[in-house]
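Subject: Structure handover

Hello,

Here is the structure for your files. Please open it alongside this note; my findings follow below.

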Amino acid sequence: MCTHHACPSRRRFLIAGVAAGLLAACGSGKQGAGSGTVTPLEIDRATSCALDGMLLADYPGSKVQMHYAGVERPDWFCDTIEMFNVYLNPEQARLVTAIFVQDMAKASWNAPQGHWIDAKKAWYVFGSRRMGAMGPTAASFANEADAKAFAAENGGKVLRFDEVTPDMAILDGGALHDQSM
């Protein structure tokens, strides 16, 4: 039996614990991204893009795998712009447990394999002359020095994951800005 002073304190403690558990379990779809508890998979000849069905192994540039809670296989994207478009979409409600991109300082641009890094910790070069699977892309790098060296050679602006905005992740392949059409 609790004393007059112990019951309110214990009740607050229990309520706080339940609330913390609910927040952890029901957090926004973006809370768990890059948690480090998920192991990246490898691309094979049959790995296809979740948005358009393109075979990832057939195209240049950084690839992406986005893992969701309760789903065994990740969504694959043939381009980082696609990943940002999906992730930054306000309708994205699934709990993201990890996002991996390739370190393009180590992976071959024309046939990228392996070298997976946490997308939320990566550096991105937007607006370079290098084209990805869907045209203009954002090259991903594990460290800032490699991203800056890539930008110095190929043009573009170096950004962190959290600096990317939805208007930078338009899936038009650059067609809306093409003056030759």
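**What was found**

Of the contacts in the chain with a separation of 6 or more, 65% are between residues 24 or more positions apart. A contact here means heavy atoms within 4.5 Å.

This is a predicted model: local features need pLDDT of at least 70, side-chain atom pairs count only at pLDDT 80 or more, and totals for chains, interfaces and linings use all residues. Residues are numbered from 1 along each chain as its sequence is written, and side-chain values use heavy atoms, with hydrogens and water left out.

**Overall layout**

The chain has three helices and seven strands. Their order along the sequence is α-β-β-α-β-β-β-β-α-β. Helices (H or I, at least four residues) and strands (E, at least two) are DSSP runs, numbered from the N terminus.

The chain has 181 residues, and 39% of them count as buried. Buried means under 20% relative accessible area, exposed over 50%, and partly exposed in between (1.4 Å probe, protein chains only).

**Salt bridges**

There are three salt bridges. The criterion is a side-chain nitrogen of Lys or Arg within 4 Å of a carboxyl oxygen of Asp or Glu.

- Arg-45 pairs with Asp-58, with the closest N and O atoms 2.8 Å apart. Both sit in the loop between α1 (6–26) and β1 (64–68), 13 residues apart. Arg-45 is exposed at 57% relative accessible area; Asp-58 is partly exposed at 41%.
- Arg-94 pairs with Asp-75, the closest N and O atoms being 3.0 Å apart. Arg-94 lies in the loop between α2 (80–87) and β3 (96–102), and Asp-75 in strand β2 (residues 75–77), so the bridge ties together parts 19 residues apart in sequence. Arg-94 is partly exposed, at 39%.
- Lys-148 pairs with Glu-144 at 3.2 Å between the closest N and O atoms. They are four residues apart in helix α3 (residues 144–154), about one helical turn. Lys-148 is partly exposed at 48%, and Glu-144 is partly exposed at 31%.

Helix α3 also holds Ala-149. Its C-alpha is 9.5 Å from that of Ala-105, 44 residues away in sequence.

**Aromatic residues**

The whole structure contains eight aromatic pairs. Rings of Phe, Tyr and Trp (its six-membered ring) pair if their centres lie within 6.5 Å; planes under 30 degrees apart count as stacked, over 60 as edge-to-face and the rest as tilted.

Phe-84 and Phe-126 form a tilted pair, with centres 6.0 Å apart and planes at 50°. Phe-84 is in helix α2 and Phe-126 in strand β5 (residues 123–132), 42 residues apart. Both are buried. Tyr-124 and Phe-161 are also tilted, at 6.4 Å centre to centre and 55° between the planes. Tyr-124 lies in strand β5, and Phe-161 in the segment after β7 (157–160). Tyr-124 is buried at 0% relative accessible area, and Phe-161 is buried at 3%. Ring pairs join Phe-84, Tyr-87, Tyr-124, Phe-126 and Phe-161 in a cluster.

Two arginines sit over rings. The test is NZ of Lys or CZ of Arg within 6 Å of the ring centre and within 35 degrees of the ring normal. The charged end of Arg-94 is 3.6 Å from the ring centre of Tyr-68. Arg-160 lies over the face of Trp-123, 4.1 Å from the ring centre.

Best wishes
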